[in-house]
Amino acid sequence: MNLDSFGGRRFLLTLGCGAATTLLCWYPKISDQVYATVIIATIGVYVAGNVTQKIKEGNNEPTN
């Protein structure tokens with residue numbers, strides 16, 4: 001199974017975390033503040049991971 005065709009591993013984990021947090025907030029198991037904190041942190045880690053990957057890929061390019 002090629003996860004890149006669905007957006008990649010990080011993207012799917014981010015969506016899964018968002019879905020799980022949404023369900024926990026829908027059935028009042030967590031508060032609105034916890035929901036917001038988890039979503040902000042998840043998006044932040046996703047963006048930071050993508051930036052780190054792009055920087056590392058840029059360092060591996062051969063020089064002329």
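Helices in what follows are DSSP runs of H or I with at least four residues, numbered from the N terminus, and by that rule Leu12 is found in helix α1, residues 9-26. Before I go on, please keep in mind that this is a predicted model, in which local features need pLDDT of at least 70, side-chain atom pairs count only at pLDDT 80 or more, and totals for chains, interfaces and linings use all residues. Residues are numbered from 1 along each chain as its sequence is written, and side-chain values use heavy atoms, with hydrogens and water left out.

Let me stay with helix α1 for a moment, where Leu24 also lies. Leu24 counts as partly exposed because its relative accessibility is 40%, given that buried means under 20% relative accessible area, exposed over 50%, and partly exposed in between, with a 1.4 Å probe and protein chains only. Leaving aside neighbours within four places in sequence, Leu24 is in contact with Lys29 and Ile30, where contact means heavy atoms within 4.5 Å. The C-alpha atoms of Leu24 and Tyr35, which are 11 residues apart along the chain, are separated by 8.4 Å. Leu12, for its part, is partly exposed, with a relative accessible area of 32%.

Now to helix α2, residues 32-59, where we find Thr42. Is Thr42 buried or exposed? Thr42 is buried, because its relative accessible area is 17%. A polar atom of the Thr42 side chain lies 2.7 Å from the backbone oxygen of Val38, and, with neighbours within four places in sequence set aside, Thr42 is in contact with Thr14 and Cys17.

Notes. Helix = DSSP H or I, 4+ residues; strand = E, 2+ residues; numbered from the N terminus. Polar contact = N/O pair within 3.5 Å; in protein donor to acceptor, adjacent residues only side chain to side chain.
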